[in-house]
Amino acid sequence: MYMPKTLTEAVRYYADEQVCIDTVAALRWPDGKAVCPKCGEQEGERKHYWLATQKRWKCYACRKQFSVKVDSVFEDSALGLDVWLIALWMLCNCKNGVSSYEIARETGIAQKSAWHLLHRLRYGLQSKDGGKLGSDGAIVEVDESFIGGKARNMHKAKRKKAMEYRHKGKVVVMGLLERGGKVRTEIIGDRDKATLHGNVKLHVEPGAKVMTDELMAYWGLEAEYEHKVINHAIEYVKGEIHTNSMENYWSLVKRSLSGTYISIESYHLFRYLDEQTFRYNHRSTKEKPVTNADRFSIALSQIAGKRLQFKELTGKVEGSPF
């Protein structure tokens, strides 16, 4: 299957609706056999009927009609797949993310629609953890960061208090990064020993090499891990002991939040972390080159079985899956 290599090629290639349908279908159903989302019936000897005028299939078993959008993040959207696929391409491949205002300007849709569209795509970028970090002797860096407004940008009435309580009102995010591998993030309520140790045990293989800073809450990890500490008051690197890779990830996150998205609600923070995590985990390296088309294909293969309605996104109903 042909895949465009640049955004310009993607815009031209996905201008054809049938091309969009064929691309999504090929990545949703790699074996080439459409599966009815209504009854789960897969094409066998008797193929589903293709209704050319309506651009959808009709299941030969349950007689229901379905399009390639059904049971995916695209479901019940009036927007064409050409808009969806270009927005997904930009979200996957723009290193600092892409704002809803930019998507609205470039595609001609409303900013509110673009905001909903991007959050649905971020839901599609979520993936399963896939086992613990630190296997085969890999080093795992563990660090936490505070996400929130800077005191110097606040009103004079709030600035003094913010300077006294530096972390007040900010969200704590814990990150675990396997060098040369993947990163995982999790929003935590505090930096207590029980919380930090619990997350390390949940995500890191016992006996692995774990690098942290001098925070006292990490003390005691040496009981189950090869725990090494770097004291940032003295130095930032001591041989293989450092957390610079994790710091680099935090830099990417904060650059996108402050530079591209400007201001976000803490309620939605984990969605933006999922977006940045996807791009980082599928970055291109010397050992494993990854192209824009590769990232796009991986993202598009994950959109099935996920749906996010606007009322769930805005907290108007309980039990949102996102």
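Let me start with Asp136, which at 82% relative accessibility counts as exposed, since the cut-off for that class is over 50%. Please keep in mind throughout that what we have here is a predicted model. Asp136 lies in the loop between α5 and β4, the strand spanning 139-147, and although Asp136 is not a glycine, its phi is positive, at about 60 degrees. Most residues other than glycine have a negative phi. Ile262 belongs in this part of the talk as well, because it is exposed, with a relative accessible area of 63%. You will find Ile262 in the loop between α8, residues 244-259, and α9, and its phi, near 65 degrees, is again a positive value in a residue other than glycine.

Let me now step back to the whole chain. The protein has 322 residues, of which 44% count as buried, and its secondary structure comes to 11 helices and eight strands. Taken along the principal axes, the box filled by the C-alpha atoms is roughly 70 × 50 × 40 Å. The protein exposes about 17300 Å², and carbon and sulfur atoms supply 49% of that area. If we consider the contacts with a separation of 6 or more, then 61% of them are accounted for by residues 24 or more positions apart.

Helix α5, residues 111-125, packs with helix α9, residues 269-281, at an angle of about 55 degrees, and their axes are 9 Å apart.

Is Thr277 buried or exposed? At 12% relative accessibility it counts as buried, because the cut-off for buried is under 20%. Leaving aside neighbours within four places in sequence, Thr277 is in contact with Val183, Thr185 and Tyr249.

The second pair is α3 with α10, that is, residues 81-93 and residues 292-300, which pack at an angle of about 115 degrees, with their axes 9 Å apart. The crossing of α3 and α10 is right-handed. Which residues meet across this pair? From α3 they are Leu85, Leu88, Trp89, Cys92 and Asn93, and from α10 they are Asn292, Ala293, Arg295, Phe296, Ala299 and Leu300. By class, the contact of α3 with α10 has eight nonpolar, two polar and one charged residues. Looking at α10 on its own, its buried residues are Ala293, Arg295, Phe296, Ser297, Ala299 and Leu300, and what covers them includes α2, residues 17-28, together with α3, α5 and α9.

Leu79 is found in the loop between β3, residues 65-66, and α3, and it is partly exposed, with a relative accessible area of 21%. Not counting residues up to four places away in sequence, Leu79 touches Lys69, Trp84, Ile109 and Leu117. The C-alpha atoms of Leu79 and Leu117 are separated by 9.3 Å, and the two residues are 38 residues apart along the chain. The other residue is Glu102, found in helix α4, residues 100-107, and Glu102 is partly exposed with a relative accessible area of 28%. Its C-alpha atom and that of Ser67, 35 residues apart along the chain, are separated by 28 Å.

Technical notes
Residues are numbered from 1 along each chain as its sequence is written. This is a predicted model: local features need pLDDT of at least 70, side-chain atom pairs count only at pLDDT 80 or more; totals for chains, interfaces and linings use all residues. Side-chain values use heavy atoms; hydrogens and water are left out. Axes are lines fitted to C-alpha atoms, for helices over the stretch in contact, and angles run from 0 to 180 degrees between N-to-C directions. Helices (H or I, at least four residues) and strands (E, at least two) are DSSP runs, numbered from the N terminus. A crossing is left-handed if the near helix is turned anticlockwise from the far one by less than a right angle, and right-handed if clockwise. Contact means heavy atoms within 4.5 Å. Ala, Val, Leu, Ile, Met, Phe, Trp, Tyr, Cys and Pro count as nonpolar, Asp, Glu, Lys and Arg as charged, and the others, Gly among them, as polar. Buried means under 20% relative accessible area, exposed over 50%, partly exposed in between (1.4 Å probe, protein chains only). Accessible areas come from the Shrake-Rupley method with a 1.4 Å probe; for residues, only the protein chains shown count as cover.
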